[in-house]
Amino acid sequence: MAGLTAAALVAVGVLAFQASAHVPDNLAAPKPKPSATATATEHAKPKEKSRPAALPKGSGTGKRVVYALEDRRVWLVDADGKVARTFEVMPSALSPLPGTYQVNAPRSGAPTKGSDGVMIEHVVRFAMVDGAAVGFSAAVDGSMESPDPTLKTGGVRMSRADGDAMWDFALVSTKVVVVP
């Protein structure tokens, strides 16, 4: 019985090899060519950089908006130091240096055209870089496109829901802490 099983397995293996050898090129999946130093982890799908939910250390005290440039994230922190909300943003073409700023007047809640031509709302300005105002805003159409690097724009974009939360939270004179 063992001999019949072995013969059957060999026959199936031969037939499978013949079938795979005659598959047209357009149906066969490309096979990666491992390098001499490749490891199993190098062929795994790369993981997206995790976005931290924890408030960055050294970001101040009291009520404030914390903007982490590298992490593309904002935290709205209440007077007790508790995070009221955190969310991802799309940085502007111009970024302020790390430091402490304040929301300045005027804030603009009505839809208006941004310096990149996109209709925006809930503009909360807090800095100037190369003569351009830098502030948080939400595109009316909800988009968060990467800014054109050739334009001197200062709009840090967020979703409309996050823009609503920022508008309600960051009143004139609210501290904005920018971290690397």
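The legends below describe close-up views of the nonpolar cores and salt bridges in a predicted model.

Local features are reported where pLDDT is at least 70 and side-chain atom pairs only at pLDDT 80 or more, whereas totals for chains, interfaces and linings use all residues. Residues are numbered from 1 along each chain as its sequence is written, and side-chain values use heavy atoms, with hydrogens and water left out.

**View 1. The largest nonpolar core has 25 residues.** A nonpolar core is a set of buried Ala, Val, Leu, Ile, Met, Phe, Trp, Tyr and Cys residues joined through side-chain atoms within 4.5 Å; buried means under 20% relative accessible area, exposed over 50%, and partly exposed in between (1.4 Å probe, protein chains only). The residues with the most contacts inside this core are V65, Y67, V74, L76, F126, F136 and M166. At least two core residues come from each of β1 (64–68), β2 (73–77), β6 (119–129), β7 (132–139), β8 (155–158), α2 (160–169) and β9 (175–179), where helices (H or I, at least four residues) and strands (E, at least two) are DSSP runs numbered from the N terminus. A second, separate core of six residues includes A68, W75, V177 and V179.

**View 2. Surroundings of F136.** When neighbours within four places in sequence are left aside, F136 is in contact (heavy atoms within 4.5 Å) with V65, Y67, V74, H122, V123, V124, F126, V156, M158, M166 and V176.

**View 3. A salt bridge joins the side chains of R85 and D162.** A salt bridge is a side-chain nitrogen of Lys or Arg within 4 Å of a carboxyl oxygen of Asp or Glu, and a search of the whole structure finds four of them. The N to O distance between R85 and D162 is 2.8 Å. Because R85 lies in strand β3 (residues 83–88) and D162 in helix α2, the pair ties together parts that are 77 residues apart in sequence. R85 is partly exposed at 31% relative accessible area, while D162 is buried at 11%.

**View 4. D116 forms a salt bridge with R157.** The closest N and O atoms of this pair are 3.2 Å apart. D116 lies in the loop between β5 (112–113) and β6 and R157 in strand β8, so the pair ties together parts 41 residues apart in sequence. D116 is partly exposed at 31% relative accessibility, whereas R157 is buried, with a relative accessible area of 8%.

**View 5. R160 and E121 meet in a salt bridge through their side chains.** The N to O distance is 2.7 Å. With R160 in helix α2 and E121 in strand β6, the pair ties together parts that are 39 residues apart in sequence. R160 is partly exposed at 37% relative accessible area, and E121 is buried at 9% relative accessibility.
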